[in-house]
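This report describes helix packing and the surroundings of selected residues in a protein chain. The sequence and the structure come first.

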Amino acid sequence: MLRRTRQEQGRTLADVADDAKVSMPYLSEVERGRKEASSEVLAAVCDALGLELSDLLGEVRRDLVEHRATVIRLDTVRALRRREPLPVVAPRKVPGRRPSSGRNGDVLLLAA
C-alpha cells in the first residue's frame, strides 16, 4: 500500500524518504516487504504520504482477512526443515482473530 500510494501521488522514493527522515534504500526495502519497519518509521512514512497509520494497518488487516496473504505456521516451517511429517492443523477462518501460534507462541506470517 505504501508504494501504491506513493506512486499514485506521483512522488519519488527519494522525496518520501526525505520527508519521513529515513534512508531511501531502507524505505525501498520496507515497500518491497524485505524489511520490517518499526511503528515509528511506519508512522513517519504515513505522515509523509498524508496517510493515517490506522488506515495502513486496516488495509493490511483486510488483505489478511481476504486471504490475499498466506499464513504459515512456524512449527510447519520447522517440520519442513527437519523433513518431518507436517503437523495436522484444522484450518480456522475466524475474522478478527489471530491465527493459532506455534511452539513458544511463534507465528510466521508471509505475505505474497
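Predicted model: local features only at pLDDT ≥ 70, side-chain atom pairs only at ≥ 80, totals over all residues.

## The end of helix α2

In it, α2 is followed by K21, and the phi of K21 is positive, near 60 degrees.

## The buried face of α2

Four residues of α2 are named as buried: L13, V16, A17 and A20. Viewed down the axis of α2, these buried residues fall within an arc of 100 degrees, so they line one face of the helix. An α-helix has 3.6 residues a turn, so residues three or four places apart point the same way.

The buried residues of α2 pack against α1 (2-8), α3 and α4.

## Crossing of α2 and α3

Helix α2 spans residues 13-20 and helix α3 spans residues 24-31. Their axes come within 9 Å and cross at roughly 105 degrees. Because angles of 65 to 115 degrees count as roughly perpendicular, α2 is roughly perpendicular to α3.

On the α2 side, L13, A14, V16 and A17 make the contact, and on the α3 side M24, L27, S28 and E31 do. By type, the residues of this contact divide into six nonpolar, one polar and one charged. L13, V16 and A17 of the α2 side are also among the buried residues of that helix.

## A43 in α4

A43 lies in helix α4, which covers residues 39-49. Its relative accessibility is 33%, so A43 counts as partly exposed. A43 and S54 are separated by 11 residues in sequence, and their C-alpha atoms are 9.3 Å apart in space.

Methods: Residues numbered from 1 in each chain as written. Heavy atoms only, no water. Axes fitted to C-alpha atoms, helices over the stretch in contact; angles between N-to-C directions. Helix = DSSP H or I, 4+ residues; strand = E, 2+ residues; numbered from the N terminus. Parallel < 35°, antiparallel > 145°, perpendicular 65-115°, else oblique. Contact = heavy atoms within 4.5 Å. Nonpolar A, V, L, I, M, F, W, Y, C, P; charged D, E, K, R; others polar. Buried < 20%, exposed > 50% of the residue type's maximum accessible area, 1.4 Å probe, protein only. Arc of directions from axis to C-beta.
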